[in-house]
Amino acid sequence: MSDDWRSYTARIEELAARSGLIFHPVDFEAVPDTFMMEIAVYGLPVRMPHWSFGVRYIYQLIQRHMGHSRLFEVVFPGNPGHAYLAASNGLAENILVTAHVLGHADFSRNNLLFRRCQEQVSEHIVEHAAAHARQISQAIETYGAERVEQVLDAALALEQHIDVDQSLRREKYPEYLADPKPLVDDDFRKRFAALDPTAAAAAQEVRKRAPVPPHPERDLLWFIAHYAPELESWERDIFLAVREESFYFYPVFATQIMNEGWASYWHARLLREADFVPQQAYVDAIKCHSDVVRPIAADQQVALSINPYHLGFSMWEKIIESQGLPAARRIMEQDDDFGFVRNHLTRELADELKMFRYNARADGQVKVMEMELTALQESILAPKYGFGAPTVAAKHIQVDGTLELLHDHETDGRGLDLDRSRKVLDYVQRVWRRPVELHTVDQNGSALHLTSS
Amino acid sequence: MSENDSKWYELFSRGARDWLRHDEKVRDAVRANLPEIVAGADVINDSARTVRVPVRMLEHYHFRLRRPQEQEGAGQGAAKPGDVLAKPTREGKGEKGAGGRDEGEVQLLLEFKVDDIVDWLWEEMQLPNLKARVGPSEETDWVREGWDKRGARSRLDRRRSLKEMVKRRSAPGATPTFTDEDLRYRQLARRKQPAIHAVVFFMLDVSGSMSDRDRKLAKSFFFWVVQGLRREYRSLETVFVAHTTEAWEFSEPEFFQVSGTGGTVASTGLNKVREIIDERYNPGRANIYLFYASDGDNSASDGDEAREALKAVADAACYTGYVEVSSGSSRELATETGRLFAELDEAGFAAGSYALNDYDDVWGAVRHFFTAEAQKNE
């Protein structure tokens, strides 16, 4: 690939800054397609080894051979941010991608959810993940691949089960219940104490141990890391490493529509305003833009999913057109996809984008339903709740050390897939080293009790 | 950063590394079920030196909600309320837990070399290596012997040549690169070698009482016995004999297709084996093995004759083994045939018996015979 595009980087950055984007510097690097594919598989440029990534890698390879899914860029937030561009990109694509990346850089620097997670995880996630990978390679050398894999099987299976409302580095539960209120020194007390001084004093001394967990705990990675009966410290480190990466992934996941939309809006706008881009490159770039930012199905066809790039892009265009840029920036800073879609996806826009709700039955029938805005919004957001995972919490540790997990089927609307759940329990049991149980419901809604084998 | 930097990621693929680990796991899983898998295919003949096993990709499990009866979603495109975008499919029903549907099922076809499998298994099961009995006869063969400065290019010994070069270079005033003087070629010579031959007789009871499953079990067992013996003997011949109240010799493919009717008279089979030994093999020169698989229900009137015939075969053989394949019942060798072999063992012959009830037992059986045989050899 030629380095032509690099001569435009500085000018695009300058234009972006003039247009009101506020971003940390970004390191651009052109990398081979194979490496782009690996970033897509691992989610990070250097990440811990695990066979499940190998499975994703095979699927990605197959997809690529079938001509689907081409990756132009991947960007990692931070100070500086890191952007990887596919070496096979042409000049026009790279100009577009540079602008797109700056949109992301603006978003990740200013969006509150991103900022909060970066404050906790640090602004150097790429380096952290590489350090985790190194740390795990060392563990493999010391303890053997089998044992490390066993820990990763469990930790990565629970990858989504974190609690982002708590801080990344949270304290363990208090060991004792809060002291009972000091007894009021009234006449009765005085006379009682006079009867038997030792008894009165003893009553004050007793402190009660707090139950563990004091409340159902959603952050399973954290809970197991700190309360598993015989976890070794290197195993705890692996759990915490996976958890830290999940904290990093969460905002990427929870703002996908906004974030991709924002970057797409800005690449389109910066490109329009960039008078220094040659005519041909501009035309090529616009074509590339419309290939990416469009509904999944062409013209008269129908798709049963929504392209987040297209939805986000259209929403931002509407918002900036009707409310102006300062208001749009405020929304960008404060919302995540839940607030964004609920507050700003209007009925008119949904109609304009030809969005619809559908009902899919297990027998394969798919039927279009009446348009109802709130329900449409919820259909879009439903897969995003709780990091896209069922609500499972640690409920109780029994006297013999058995861990009881509780699936909140009322929140999720139905029970868990039993075969998979059992396998997960098996993974967990190997690190918990005591039996693990799970409460959920079967298809009729009656209580069901699963145990690890 | 310059484009010319050779980056580590061009030299190393983490995706491929983890993919290999996945394959390794799949292979482990397959390995655990090998006797069963191998029993399903006709792989016992010489030409099939590999076994192909179709496998699904492994899934790393997560908590997931069960597949709902109905689900709402959001789509985009030209569609009005009430439109039916997809009709119910009949197959759609009853397809429960097919899990793979959303990921686009990918099947891998793993190929295993039979030799590798045998090596793994012998290692894993810690099976002993047999000591081959050396026959008195000799045969001539080419063996490597010594080096020369001239020879065919295909026999160039690179390692040796390199050593020569290093030696010469360490002398003062030597030229730095290879010269023709450094090259060494391996030499071959004809030498006499003791013969190490083995003949394995597989005798199978195909009477009416042997079910398909029984025969498959026997086949699976036979297969691994051949493989194990092949590790020890450079040339191994196999002879297949089936019997009911009569006995026949079969070619291998036919052998496993045979199913007969009627009663069981073991002596017919044993006499057939003895006949073949007398005709074709000299017990002094070849190591003869007999493995007999039956459900054990030998005809009561055949008792004495079978005892005689068995003893005649055992005289010539290094080892006779009996597997009782009786899926379903667990009489543990308390059968007519079982007793015959027990007597043989007590009489001091190299003989062993094993009750094979399930695929899980195949390895137990193989281990049993090999351990016993190895001990007898010592």
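Helices (H or I, at least four residues) and strands (E, at least two) are DSSP runs, numbered from the N terminus. The expected span of a helix is 1.5 Å times one less than its number of residues. The model is predicted: local features need pLDDT of at least 70, side-chain atom pairs count only at pLDDT 80 or more, and totals for chains, interfaces and linings use all residues. Residues are numbered from 1 along each chain as its sequence is written, and chains are lettered from A and ligands numbered from 1 in the order in which they are written.

**View 1. Helix H12 of chain A.** Helix H12(A), residues 256-273, has 18 residues. From first C-alpha to last, H12(A) reaches 26 Å, close to the 26 Å expected at 1.5 Å a residue. Because 14 of the 18 residues of H12(A) are buried, this helix is largely enclosed by the rest of the structure (buried: 20 or more other C-beta atoms, placed from the backbone, within 10 Å of the residue's own).

**View 2. A three-stranded open sheet in chain A.** The strand order is S1-S3-S2, with mixed pairing (two strands pair if DSSP finds at least two bridges between them). S1 (26-31) and S2 (73-76) are the edge strands, each pairing on one side only. The twist averages 15° from one strand to the next. S1(A) and S3(A), residues 81-86, pair in the parallel sense over six bridges; Ala30(A) stands opposite Leu85(A) in S3(A). Helix H4(A), residues 91-110, lies across S1, S2 and S3 of chain A and runs at about 25° to S2(A). Axes are lines fitted to C-alpha atoms, for helices over the stretch in contact, and angles run from 0 to 180 degrees between N-to-C directions.

**View 3. The contact between chains A and B.** Chain A gives 69 residues to the contact and chain B 50 (two residues are in contact if their C-beta atoms, placed from the backbone, lie within 7 Å). On the side of chain B that touches chain A, H1 (8-11), H2 (14-32), S2 (70-77) and S3 (84-86) of chain B each supply at least two residues. Strand S6(A), residues 366-368, pairs with S3(B) in the antiparallel sense over two bridges, and Val366(A) stands opposite Ala86(B).

**View 4. Strand S12 of chain B.** Six of the six residues of S12(B), 351-356, are buried. Ala351(B), Ser353(B) and Ala355(B) point one way, and Gly352(B), Tyr354(B) and Leu356(B) the other. S11(B), residues 319-325, pairs with S12(B) in the parallel sense over six bridges. Tyr354(B) is the bridge partner of Val323(B).

Technical notes:
Buried ≥ 20, exposed ≤ 12 C-beta atoms within 10 Å, placed from the backbone.
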